[in-house]
Amino acid sequence: MSLGALMEEKRRATTASSHQVHMSKDIDWEMLDKSRFFFLGAALFSGVSTALYPIVVLKTRQQVCPTRVSCANISLAIARLEGLRGFYKGFGTSLLGTIPARALYMTALEITKSSVGQATVRLGLSDTTAMAVANGAAGMTSAVAAQVVWTPVDVVSQRLMVQGDLSVSKHLPGVVNSCRYTNGLDAFQKILYTDGPRGFYRGFGISILTYAPSNAVWWASYSLAQKSIRSRLKRSYKHKEGGGGSVVIQAVSAATASGFSALVTMPVDTIKTRLQVLDAEENGRRQAMTVMQTVKSLMREGGFGACYRGLGPRWVSMSMSATTMITTYEFLKRLATKKQNGKS
């Protein structure tokens, strides 16, 4: 081998090594105590879901409501007619689904991030590009994996959420609010009896088309925003990673990314929710609504603006969820590595 070839090989090895050292600052999948990671994750994320669930109920009710109704009016109606339990309809089903869905999500996220990150380093991509590509790919695969569990959970829990909302069947001719269930198990049995297994995957395709790319953009944007803010703080204030400022950086980056994502994906989320909750009725026969029927119904009700009903609660829910999720997620990863690193 010539001297020039040897020097080029050494340069490449040095470059790859420097990338590897820098990227290893992030906690890798191989560094995690898996049992601790999943056990603590189930507990922490269940707490987050409990706190944010009433906002999700308000968002869902607004999306299926045939007229524009404020969150305040819906909240007062639920409190007056259904009490506190009205804000937690379907919560048991949702919580049971959260544990396996989060496990799938975090597993796919970490494995993809680790494997794609190593591949991008070997390809010689810059650190910023490698981080964005790894996080984007991880976001996409984790969204697809989680939707396998989340879609059936959404179908059942959302039907329970809107149960008792008579405004749908009163004001939407040809549309039936078929949610008359005693609990999650009853809903599961009735959906299985009337629609078969396919009934649990209403809106699955549109969910994938929505959340896979948006999740990819979210994670890529989050990693870039976090890197940008952190590097600026380091230059300006000699910011040290891992302090209280790190949590603020994560929270600001997450809220910014989720707010934009909520705005972009809102119309598709409204269509998905209606597909999962409402049925069409023709000649006395109930059948699942199609995407075109759902879109036409929305256009009749209020044009394109009808697709943005529930944007306020969804924006708040996604921002708060993303902020708490990412700070909890990063905190969880550090907790799960303490024992392995001998710090616990």
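Me: Let's start with Lys190: buried, partly exposed or exposed?
Reply: Lysine 190 is partly exposed, at 36% relative accessible area. On that scale, buried is under 20%, exposed is over 50% and partly exposed is in between (1.4 Å probe, protein chains only).

Me: What does its side chain meet?
Reply: The side chain of lysine 190 meets that of aspartate 186 in a salt bridge, 3.2 Å from N to O. Salt bridge here means a side-chain nitrogen of Lys or Arg within 4 Å of a carboxyl oxygen of Asp or Glu. Both residues lie in helix H7, 4 residues apart, about one turn of the helix. Aspartate 186 is buried, at 13%.

Me: Before I go on, what am I looking at, and how are things counted?
Reply: It's a predicted model: local features need pLDDT of at least 70, side-chain atom pairs need 80 or more, and totals for chains, interfaces and linings use all residues. Residues are numbered from 1 along each chain as its sequence is written, and side-chain values use heavy atoms, with hydrogens and water left out.

Me: OK, where is confidence lowest and where is it highest?
Reply: pLDDT is the predictor's confidence in each residue, from 0 to 100. In the protein chain it is lowest in helix H1 (residues 3-23), with a mean of 38, and highest in helix H7 (residues 184-195), at 90. Over residues 1-24 it is below 50, and that stretch has 13 contacts in the model beyond near neighbours in sequence; a contact is heavy atoms within 4.5 Å. Where pLDDT is low, the predicted coordinates should not be read in detail.

Me: And what's the chain average?
Reply: The average is 77, and 81% of the residues score at least 70.

Me: Back to charges. How many salt bridges turn up in the whole structure?
Reply: There are 10. One of them joins arginine 202 and aspartate 195, with the closest N and O atoms 3.4 Å apart. Arginine 202 is buried at 9%, while aspartate 195 is partly exposed at 26%. Lys59, Asp269 and Arg314 are linked in a network.

Me: What about Glu301, which residue does it bridge to?
Reply: Glutamate 301 pairs with arginine 309, the closest N and O atoms being 2.9 Å apart. Glutamate 301 counts as buried at 19%, and arginine 309 is buried at 8%.

Me: Last one: where is the kink in H5 centred?
Reply: On glutamine 147, with a kink of about 45 degrees. That's the angle between axes fitted to the seven residues ending there and the seven starting there. H5 is mostly covered too, with 27 of its 35 residues buried.

Terms used: Helix = DSSP H or I, 4+ residues; strand = E, 2+ residues; numbered from the N terminus.
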